[in-house]
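Thank you all for making the time this morning. I would like to walk you through one structure, going from its sheets to the helices and loops around them.

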Amino acid sequence: MKSIRTVLADISPPAIFSHCHEHLWIKRGAPDDCPVFSLSEEELTGCFCRDIRNRRCGLIKAAAEAEPMSGHSRLLHTAATRASLLTNAPVLCHIDRGVNPLSRLAFYTDLGVAAESMILCRCDRAVYDLSLHIAAASQGAFLEYDTIARPKYHSDDTECRIIARLIAEGLGHRLLPGLDTTRERLRAYNNPDAPGLSYLRECFLPRLRRAGIAEERLRLITEVNPVSAFSFALKPQQYKERPPSGDPT
Ligand SMILES: [Zn+2]
């Protein structure tokens, strides 16, 4: 049975209001000796699988740097792919400026990951050509849009227009709105002027309503789509998931 893996439990709600892009900082920065830079593809695959199986996370996070993909970046993305195939966990991949979302989607799908298990984020701010958004979503990938309350990049009106266009193309079932949160943008961290997690529901959804987006579409993108995007049936553990030597877990 499919469920959403959270750090507390696996849950299977019919719908859940969800922010689809948040950052949890356990430690600032990645030191040069961080194992992510030295482990082999097989060891990294084992690490990613174990984080899923030990309930440290419910998806595999990746980030696409500018093209062409470097050797080490290819290794990391291949490990993310293999971990997704071994566990069924979805992959959420940042798309930065200069990255073609279709080529990055093809990298994963060519190795066997279903497009429906791919969540491409940041296209709203990084990929100006909406035909690329439409093509990726038409293939089945989810588009996570998180340039909400980020005037540094573009206005909420622009964000509304991008969402309205994708909905008009019949792709509302592929959209996931979220806030690109850091401590500076969360009220709970003593920032009274920060948008905070309530911004999506209290400020941005009314704006979409005023732009003419129907209530059922708002529910689709904020409550129904997250269940589709984040639910998966965890595969039984396989012998290939070898931990790196000396890994305490
Ligand atoms: Zn992120």
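Predicted model: local features only at pLDDT ≥ 70, side-chain atom pairs only at ≥ 80, totals over all residues.

Let me start with Lys61, which stands opposite Leu92 in β4; this pair belongs to the stretch where β3 and strand β4 (residues 91-95) run parallel, joined by five bridges. When I speak of helices (H or I, at least four residues) and strands (E, at least two), I mean DSSP runs numbered from the N terminus, and two strands pair if DSSP finds at least two bridges between them. Residues are numbered from 1 along each chain as its sequence is written.

β3 and β4 are part of an open sheet of five strands, with parallel pairing and the order β3-β4-β5-β6-β7. At its edges stand β3 (60-64) and β7, each of which pairs on one side only. On average, neighbouring strands of this sheet are turned by 25 degrees against each other, direction ignored, where axes are lines fitted to C-alpha atoms, for helices over the stretch in contact, and angles run from 0 to 180 degrees between N-to-C directions.

Further along the sheet, β5 and β6 run parallel and are joined by three bridges, and Cys121 has Glu144 in β6 as its bridge partner. Glu144 in turn has Leu176 in β7 as a bridge partner, within a parallel pairing of β6 and β7 over three bridges. Both faces of β6 are covered, since Phe142 and Glu144 on one side and Leu143 and Tyr145 on the other are all buried; a residue is buried if 20 or more other C-beta atoms lie within 10 Å of its own, exposed if 12 or fewer, and partly exposed in between, with C-beta atoms placed from the backbone.

Now to the helices. Helix α2 (residues 71-87) lies across β3 and β4 and runs at about 150 degrees to β3. Helix α8 (residues 215-230) has 16 residues and reaches 22 Å from its first C-alpha to its last, close to the 22 Å expected at 1.5 Å a residue, the expected span being 1.5 Å times one less than the number of residues.

Where does Cys20 sit? Cys20 is found in the loop between β2 and α1 (41-53), and because it has 24 C-beta neighbours inside 10 Å, it counts as buried. Leaving aside neighbours within four places in sequence, Cys20 is in contact with Glu144, Leu176, Pro177, Gly178 and Pro226, contact meaning that the C-beta atoms of two residues, placed from the backbone, lie within 7 Å.

Finally, there is a second open sheet, in which three strands pair antiparallel in the order β2-β1-β8. Here β2 (10-11) and β8 (231-232) stand at the edges with a single partner strand each, so one side of each is left without a neighbour in the sheet.
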